[in-house]
Each structure stands twice: as C-alpha cells, then as structure tokens.
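Here is a short tour of one protein model. Have a look at the chains as you read along.

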Amino acid sequence: MEDKRPWTFYAFAAFFTLFVLFLYGPMIVIYILSFQGPNGGMTFPLNGVSLHWFEALISQTRVGDIAGAFHRSIGLAVLVALITVSVSVLAGLGFRRRFRGSAFAFYFAIASLIMPGLFVGLGIALTFRLLGLETNWYLSGLGAQLTWTLPFGLLIMFAVLGRFNRSYEEAATDLGATSWQRVKEVTLPMLLPGIIGVALFGFTLSYDELARTALTAGSENTLPLEIWAMTTNVTSPTLYAVGAVTTIVSFLVISIALGSIAFIQRRRALGIRQESLAATE
Amino acid sequence: MANAGGSGEVSVVGVTKRYGETVAVKDLSLTIPHGAYCCLLGPSGCGKTTILRMIAGHETPTRGDIRIGGTSVLGLPQVRRGTAMMFQSYALFPHRSVLDNVAFALKMRGTGLSERHAAARELLAKVQLEKFANRLPPQLSGGQQQRVALARALITNPRVLLLDEPLSALDEYLRLRMRGELRRVQKELGITFIHVTHTQLEAIAVADMVVVMANGHIEQAASARDIFVAPRNAYVTRFVGGQNVLCGKVEGVTDGTAVLVSERGARLAFPVSGRQPARGAELYGSIRRDRIAIEKLPAGSLPPNELNAIVGEVHTIENQGSYVKVTVDFADDEEFVAHVPDDEFFRDPLDIGDRVVARWSASDINLLDDGLNVRPAMPMAAAAS
C-alpha cells in the first residue's frame, strides 16, 4: 500500500476511538465492579472477585423489588412490542394509499416524538387522576410508552414499505390470491425482517423508558424506575450487578432479533435446501 | 396444455384513462384477434403499459370498455378474466421456492399440495427448469427467472398472456434468445400474447401485430411487416426506424407521380396513385434505408440534376457487420441513413466528410399520411407557409 492516508483520516479515527471509549469504557468499568468481592466498595480497587452482589440482588429485600420490577418491565416491553408491531404494520400498509388528510394524520402521529416525554407522562397521570382512575404500569404506563414507540414503528414501516415493490402484491392478485391470502402469503412474509426490526425497537425503547413512565407507572416500579431509585439510596455494588444483568437481557433480545433477520435473509439469498442440492448434483 | 378459457380476442373499446389531470390513454380502440402475438410499441409514457394493466384489471378505465372473448371484463377480478400477467421485473416471490412460485395460483385456489406440485413440475419441465424446482428465485439467473415467471403465469391456463417489458431486465444476448423462446411458446399454446415494449426490433421480431402508440393514442396498428415496410406516417417511420422520412413541396403531378422540391432544393418524385395533391402542398414519404445507393462525388464535380438524388456530406459511419450504416448530412432536422451492404461498402470505403450522392427509385417510396391529412383541411397558402 503506497497510498498515503490524509491527516483527516487519523483525526477522525482518533475522534471515533474517543467516542467508543466514552461509550463503552464506563459500562465496562461497571461490569467489572459488579464482580467486586463481598468486602469491596463502589470503587476500585477490586477486593477479590465474587458473585456476591448478584446473589444480594436476588436475596436482599433491602435493595427493593428488583425481581418484580424486572418481570414488569419484560412484560410491559413485550406488550409494547406487540401493540407497536400490529398498529404500525397496519398503519404503514394503510398509508400506502393516499387518502384525504393522510399527510395530516401522519404528521399528527409523528409529532408526539418531539413532545417532552416527562410532560406527556404528567399529562397522562393528571388525566387519569381527573377521571378517578389509578395509574399503573399496564394501563397508563403502557399508554405513555406507546406515544413514544408507535411513531417510531410507523417511521420504520414507512422506510420498509418504501423499498417494497408493489408488483409482488399485484402478481399475487393476478394469480388469484384474495386480499387476505395476498397479505398472508406475500406481503407479511416479505416484510418480516422489517417487522422484526419494529418489534425490536418497540421492545428496547420500552425496556429502558424512563421519562414517560416515571409519573404513569403508579405504585409498582418498572426496572428503569427501580434502578433510578437505587442510584439515590443503594450504596453497594448491587447497583452494578443490576446494570450487568439488564445489559445482558438487552443484548440477548437484540441478538435474537438481528439473528433471526440475518437467518431469514441468508435463507433468501443463498439458502440452498437439501433437495435442490441433491437435484443439481 | 390446452387453454380452457375460450376465445382470447381482446377488444379495447373507446377507452380513456385519466390520472387526475393527466390523460394516459385517449379514447383508444383496438381489437387483438384470438391467438395473435401483439406488441404494444411506443416510448415511455405513451400509455402502452396502462392499456396492458387495464386489460389485466390492475387499472380501471375512466371511460370505455374492455372485452375478452366478446364479453366485458370490467369489474371482474383478475382470475375471472382469464388473463395472466408477467411483470417487468418478474415479481417472483423471493421467499418461496421456484416450485412454490409456479404452484402459487393453484395454492390460492385450494388445490392440494401434491397435485399442485405435480402440475408445477410439469410446467417447469417445459421451460427446462425442473432441476431448479427447490431453489429460491434470487439464486437463478435473469433468463431462468424469466422462464419461471412464464411458467407461473401459464399455470392457470390463461387465454391471454400479458407481458410487461418481459425482456428489458436481460442482457442483449439473452434478450435475443428469450424473444425467440416467447414466440415459440406462444405458437405452441395458441393463446393471445400482448407484449409491451419500447424496442422496435423486438416488436418486429416477435409480433404478428404491432401497435405503435404515442401520447395515449394509436399511431398505427398493423402487421409487423407492414409497420416496417409501409409505416403510415412520419412518427411511425421515425420511431420504427429502418426508413428515412423525406419531405417536399409539390411542384406538379403527372401520370400519378408528384414532383417535389425539398427544403434544400433536391427534386424528389413520389408516386401518388389516384391522389391529387395541390401545387405547393407539403408531402411526406419514406424510403427504406437498404434501398439507397450511395456513390462518392468526385471533388469539384457538380451535383447531378436528376430526380431522387440528393447530395450531402457523410456524417457518421457505423459498421453493423453485414451492412454499414452511413449517415448523410442532408436535411437540417432529419436523419438520412443508408444501409450499404458490407461487400459493396468495402470495395470503395467512404470516409466521414466525403461528399456523396444518394439515389433511389421512385417506386420504393412509401407515401406517408402526414401531408395528405393536412391538405384538405387547410388552405393552400397556409400549407405552403
């Protein structure tokens, strides 16, 4: 390689390295510290290595209801993902046909992305109180999170459908498919990678949502709320153990989603099935 | 495989199609006989694809009727029309195997798995793709995909097959092979094929009937042979190619031959059998590019004073193998091209910039409608201005 790279390459590379360090450095420190020995503190040095704080996480009631919050958060995230997928897929398909007021409806839906989350939550909480309803994570909390995930899902579906050639659907109709058969046999299977993406977004956005959930979750906390509370009153590496566990869960969810997209696309791109291998040889 | 759908005669009756303010098709009528291979030919935006899509039922005419086998199919779902469509990029379902793609229509009808797979295999064998049955479409080459699309469209035994630019996704070599293949399949099945294309030679190569379109109406509908040798007007002549458009003002008519003077002063003779164009009227004719003799003019010699001989400079020379395409700078805004047989050309090759005389025989002139249509409607002074 005789080509000299320009100095800008090194400048940007240095900047990128700093960015990565800033992004992952503190988190890695937290993961390391979560393995602190039983007598260690919140900071370095490590006083031995143990799983003590992970055990404390499950057994200690003093730290709060971590397990309960985790279950609620997962349940809520699954619920949010399901609703986001169904609504944004249907809305995305519907928006392909221009109707009177469709542009208005679209911008109206997207506008909730720019509303300050804390106030959306406050508004929902006040409305619930006004109506004499109790706020809880599965009603007011769910609604507050959907104001955040639905516009995102819709935007992703727009991008996905923008690249989807309508002639596939016309071909299906031409070959005698009813509209339901067309959706089931052609549209949904072809959009599946994008739909998984929407589900993934819905899940992760919900799983670590704080601003909108803070005032709408009611008496039982979701995991981010629980962690937020812990940062002010827990002074042991248990906090780090919580961070490590929640990160692993996020990581698992993302790998499953991306893995299934990759699997679908791989199968489409070069997945030669057994029979055709046998047939061509 | 016999077609079960009855007559495949397609009639487009006074059809207009509007998209908002834009008129894609204007009061168009056309009848394509059963079992014909018809090409709709025209530049993009001329309405040819809209016609095809209206016959298929993917668009609805704003006005007019579409009949297949004598009965109106307006409002009928695609399947009940007895049509099948092959899409421009084939639109093969990428998530289904080749076999399942071909069997798709049968699956939609509720045919059992083994039965529909057997039928699909039979069709795949016809297009020599049975060993690719379990592949996915993206794994096939363009030509193979085209054959899968053909098999998929044919499985319903349509009486009319609609092909939207079926060859445009292929490279030159495959395009030439596949168009022969399409023609062979059409003959074998005996059903009506309607093929949309913007490639003149493709239309002439495959079709029985060519419909040349422009701006939402038909310029000429005739046999492929007639479209090539007897184009009706200057538009068709220019679009189809193969002929040069000549134009001049009438000086006089004797014995069914009009003598004209071109813009640059060349004197042309047009046979006008039976017609009596007025003096000063503008007449258009066409002359086949392969019926023109080109001869080098020695330097300093005067242009010949004879009919049907024009003088100009050689503008471009393109060797086409069996003939050489010579463009002569003759009229200001009209290309004048001669196809010179290769052996003749290379006996005494021309060079760009050579002064040449091009000659042809008056009997090879094909009179065009343009001037004749205009003449009765306009006073002579206006036509001559």
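The centres of domain 1 and domain 2 of chain B, taken over C-alpha atoms, are 39 Å apart. Domain 1 covers 10-229 and domain 2 covers 243-384, with bounds from an automatic or database domain assignment. This is a predicted model, where local features need pLDDT of at least 70, side-chain atom pairs count only at pLDDT 80 or more, and totals for chains, interfaces and linings use all residues. Residues are numbered from 1 along each chain as its sequence is written, while chains are lettered from A and ligands numbered from 1 in the order in which they are written.

**Helices α3 and α4 of chain B**
- The axes (lines fitted to C-alpha atoms over the stretch in contact) of α3(B), residues 98-108, and α4(B), residues 113-126, come within 8 Å and cross at roughly 125°.
- That angle makes α3(B) oblique to α4(B), since oblique covers what is left after under 35 degrees (roughly parallel), over 145 (roughly antiparallel) and 65 to 115 (roughly perpendicular).
- Residues in contact (C-beta atoms, placed from the backbone, within 7 Å) include B:Val98 and B:Leu106 of α3(B) and B:His117 and B:Leu124 of α4(B).

**Helices α5 and α6 of chain B**
- The axes of α5(B), residues 142-154, and α6(B), residues 172-189, come within 11 Å and cross at roughly 20°.
- This makes α5(B) roughly parallel to α6(B).
- B:Gly142, B:Gly143, B:Gln146 and B:Leu150 of α5(B) meet B:Leu174, B:Met178 and B:Val185 of α6(B).

**Confidence in chain A**
- The mean pLDDT (the predictor's confidence in each residue, from 0 to 100) of chain A is 85, and 93% of its residues reach 70 or more.

Notes: Axes fitted to C-alpha atoms, helices over the stretch in contact; angles between N-to-C directions. Helix = DSSP H or I, 4+ residues; strand = E, 2+ residues; numbered from the N terminus. Contact = placed C-beta atoms within 7 Å.
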